[in-house]
Amino acid sequence: YAFPFAFCSVALVGAAVLHAARLGVEGELELKPPQPIGAEPDTDVCIPANLAVALDELNADEPLVQALGSEIVEAFTILKRGEWERYVAAVRDWYKV
């Protein structure tokens with residue numbers, strides 16, 4: 001689970017997290033064991049490399065898209081792809097992922 005940033009819609013983040021949790025319980029997905037206190041950080045975490053990849057993964061998650069509503073996911077994706085395009089246009093090549 002990657003923590004959303006401060007300018008996210010609280011309602012949308014809450015809905016996404018709750019639906020993802022519900023889908024995990026209904027699908028009987030296995031949880032990773034908790035990290036022991038004082039242990040080295042678990043770096044075997046798979047998160048998208050950038051916003052464009054994250055949006056692709058969101059749109060590919062059919063159960064979550066259905067749970068949130070395809071219209072909401074489509075509008076969110078259009079908005080965030082515009083933000084990503086402006087970012088890519090404004091940031092130097094060496095900083096882009």
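This is a chat about one predicted model of a protein chain.

Colleague: What am I looking at, experiment or prediction?
Modeller: This is a predicted model.

Colleague: OK. How many helices and strands does the chain have?
Modeller: Four helices and zero strands. Read from the N terminus, the order is α-α-α-α.

Colleague: Where do the helices sit?
Modeller: Helix α1 covers residues 10-26. Helix α2 is 51-60. Helix α3 takes in residues 62-68, and helix α4 residues 70-90.

Colleague: What share of the chain is buried?
Modeller: The chain has 97 residues, and 15% of them count as buried. The exposed surface comes to about 8000 Å². Carbon and sulfur atoms supply 64% of that area.

Colleague: And the contacts? How much comes from residues 24 or more positions apart?
Modeller: Take the contacts with a separation of 6 or more. Residues 24 or more positions apart account for 51% of those.

Colleague: Let's go inside. Which residues make up the largest nonpolar core?
Modeller: Five residues: Leu 58, Leu 64, Val 65, Leu 68 and Val 73. Helix α3 gives the largest share, with three residues.

Colleague: Pick Leu 64. What does Leu 64 touch, leaving out residues up to four places away?
Modeller: Leu 64 touches Ala 16, His 19, Ala 20, Leu 23 and Leu 58.

Colleague: Ala 20 again. How far is Ala 20 from Pro 63?
Modeller: In sequence, 43 residues. In space, their C-alpha atoms are 8.9 Å apart. Pro 63 belongs to helix α3. Pro 63 has a relative accessibility of 44%, so it counts as partly exposed.

Colleague: Now α4. What span should helix α4 have, and what does the model show?
Modeller: Helix α4 has 21 residues. At 1.5 Å a residue, they should span 30 Å. The end C-alpha atoms are 30 Å apart, so the two agree.

Colleague: Which residues of α4 are buried?
Modeller: Val 73, Thr 77, Lys 80, Gly 82 and Trp 84. The cover over these buried residues includes α2 and α3.

Colleague: What is Lys 80 in contact with, apart from neighbours within four places?
Modeller: Lys 80 is in contact with Leu 51 and Leu 55.

Colleague: How many salt bridges does the structure hold?
Modeller: Three. One of them joins the side chains of Arg 81 and Asp 56, at 2.6 Å from N to O. This pair links distant parts of the chain, with Arg 81 in helix α4 and Asp 56 in helix α2, 25 residues apart.

Colleague: Are those two buried, partly exposed or exposed?
Modeller: Arg 81 counts as partly exposed at 27% relative accessibility. Asp 56 counts as partly exposed at 44%.

Colleague: Last topic, the backbone. What is the phi of Glu 28?
Modeller: Positive, about 50°, although Glu 28 is not a glycine. Glu 28 sits in the loop between α1 and α2.

Colleague: Buried or exposed?
Modeller: Glu 28 counts as exposed, at 67% relative accessibility.

Terms used: Residues are numbered from 1 along each chain as its sequence is written. This is a predicted model: local features need pLDDT of at least 70, side-chain atom pairs count only at pLDDT 80 or more; totals for chains, interfaces and linings use all residues. Side-chain values use heavy atoms; hydrogens and water are left out. A nonpolar core is a set of buried Ala, Val, Leu, Ile, Met, Phe, Trp, Tyr and Cys residues joined through side-chain atoms within 4.5 Å. Buried means under 20% relative accessible area, exposed over 50%, partly exposed in between (1.4 Å probe, protein chains only). Helices (H or I, at least four residues) and strands (E, at least two) are DSSP runs, numbered from the N terminus. Contact means heavy atoms within 4.5 Å. Accessible areas come from the Shrake-Rupley method with a 1.4 Å probe; for residues, only the protein chains shown count as cover. The expected span of a helix is 1.5 Å times one less than its number of residues. A salt bridge is a side-chain nitrogen of Lys or Arg within 4 Å of a carboxyl oxygen of Asp or Glu.
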